[in-house]
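Please open the model in your viewer and keep the selection tool at hand.

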Amino acid sequence: MMKQLPLLLLFSLLTGNSSACTNADSKVIATEGTDVILPCSPSTRENLLKKLFDWKKVDQGGDTQHEVFMYDSAVHYDRHSGQSEQFKGRVSHFQNELKHGNASIFIRKTKVIDSGSYTCVFPRLQSSQEFCIKLIVGASPAPYVVSLKETKDWSQLQCLVRGASPKPLLQWRDSSGNIVPAAEPQVSERGGSYDVILQSTVTKTDLYQCVVTQEEINHQIKAEIHIYIGGAASKPFLTLLKQTKDFSLLQCEILGAFPKPLLQWRDGSGNMVPAAEPQVSERGGSYDVILNINVTKTDRYHCVVTQEKINHQTKAEISIYVSGGNPEKNSDLSLGKFVLSDVALVALGVVVVVILAGVVVELCIPQHRNGACSGAMV
């Protein structure tokens with residue numbers, strides 16, 4: 001206690017006399033939660049084992065100063081009553097480096113509120129020296145992007161960043177890197193960290209990116225979102241192009257779909273029906289697709305349109321009746337049956353005539369030499 005009193009008195013005097021840190025001699029950048037070293041050495045590089053050096057954090061404008069660490073002639077205090085609560089238990093020095101003139105300090109588990117200007121003062125040197133170090137503790141959370149509302153003509157996008165430090169710049173960009181017009185950002189600050197919201201309304205199908213830039217710490221991060229405007233395929237249009245008694249030629253057509261759709265014909269049991277190569281044409285980023293098939297069976301057929309990227313599927317159906325057979329062969333077969341029937345009838349008539357003739361012969365028995373028959377003909 002006897003050794004501490006003079007040090008506390010000196011601490012109070014240094015706190016009241018330290019000047020504001022205007023021009024930084026060096027800049028240190030750290031990510032929140034990591035450890036950092038703030039460098040400091042007198043120009044003479046003399047042995048500091050029996051010297052005094054004092055570290056303070058200076059607020060903007062130099063109005064308020066916070067005690068960070070003090071060392072005095074082999075007695076160092078990183079937990080003394082004058083030390084700021086913000087730094088207690090988190091700051092240490094390099095004891096073995098003091099003889100080489102190294103007065104640097106080590107800050108553990110940096111926080112955003114640690115950002116600011118620090119002074120390192122050597123008041124007992126032959127020529128008093130003071131150095132200024134700027135510490136920037138950055139927090140760079142990834143942005144969260146979402147489509148708040150969608151219609152067939154536009155989509156409202158939102159980019160949200162929470163707890164960023166230093167204050168970030170948010171921009172919406174399209175897939176070509178062009179800046180997309182957006183509303184004024186909504187910014188709120190708490191404890192040196194910033195929450196920022198940026199909204200934009202887009203009218204084109206594209207891949208959009210929310211780019212978050214923090215120039216002070218040379219950091220940039222982004223998130224992206226696919227937006228499809230009027231791209232979901234509508235119900236396909238089906239046409240019966242040609243029909244015979246043996247087959248039907250069917251066509252399925254989709255116009256103005258994006259992303260590119262997959263078309264398939266399926267039968268009533270859900271089995272895929274082999275089809276011709278699809279006819280695909282692209283216009284302004286949208287696709288027109290035609291898929292034709294020949295079917296030879298009576299069934300209910302479906303044209304199924306799938307767009308996996310947007311988890312969309314639609315279909316249309318058509319009932320087809322195929323009678324089957326060959327009309328010419330059927331006609332010949334009928335004619336043959338008719339001819340055979342006529343021949344059979346003629347043959348039957350001949351047999352009847354022959355039988356009747358026999359009956360007549362038997363009944364016609366001559367009674368006289370002149371050949372006349374007795375009895376009537378039946």
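Where does Arg-90 lie? Select Arg-90: this residue sits in the loop between strand E5 (75-77) and strand E6 (91-93), strands (E) being DSSP runs of at least two residues, numbered from the N terminus. The model is predicted: local features need pLDDT of at least 70, side-chain atom pairs count only at pLDDT 80 or more, and totals for chains, interfaces and linings use all residues. Residues are numbered from 1 along each chain as its sequence is written, and side-chain values use heavy atoms, with hydrogens and water left out.

Arg-90 counts as buried because its relative accessibility is 9%; buried means under 20% relative accessible area, exposed over 50%, and partly exposed in between (1.4 Å probe, protein chains only). Beyond its neighbours within four places in sequence, Arg-90 is in contact with residues including Phe-106, Arg-108 and Asp-114, where contact means heavy atoms within 4.5 Å.

Next, select Leu-38, Phe-53, Trp-55 and Phe-122. Of the 25 residues in the largest nonpolar core, these four touch the most other members. Such a core is a set of buried Ala, Val, Leu, Ile, Met, Phe, Trp, Tyr and Cys residues joined through side-chain atoms within 4.5 Å. Strands that each supply at least two residues of this core include E3 (52-58) and E9 (129-138), and E9 gives the most, with four.

Move to Ser-165 and Pro-166, which are joined by a cis peptide bond with omega of about -5°. Pro-166 lies in the loop between strand E11 (155-164) and strand E12 (169-173).

Finish at Asn-218, in the loop between strand E16 (206-214) and strand E17 (219-227). Its phi is near 50°, a positive value in a residue other than glycine. Asn-218 counts as exposed, at 74% relative accessibility.
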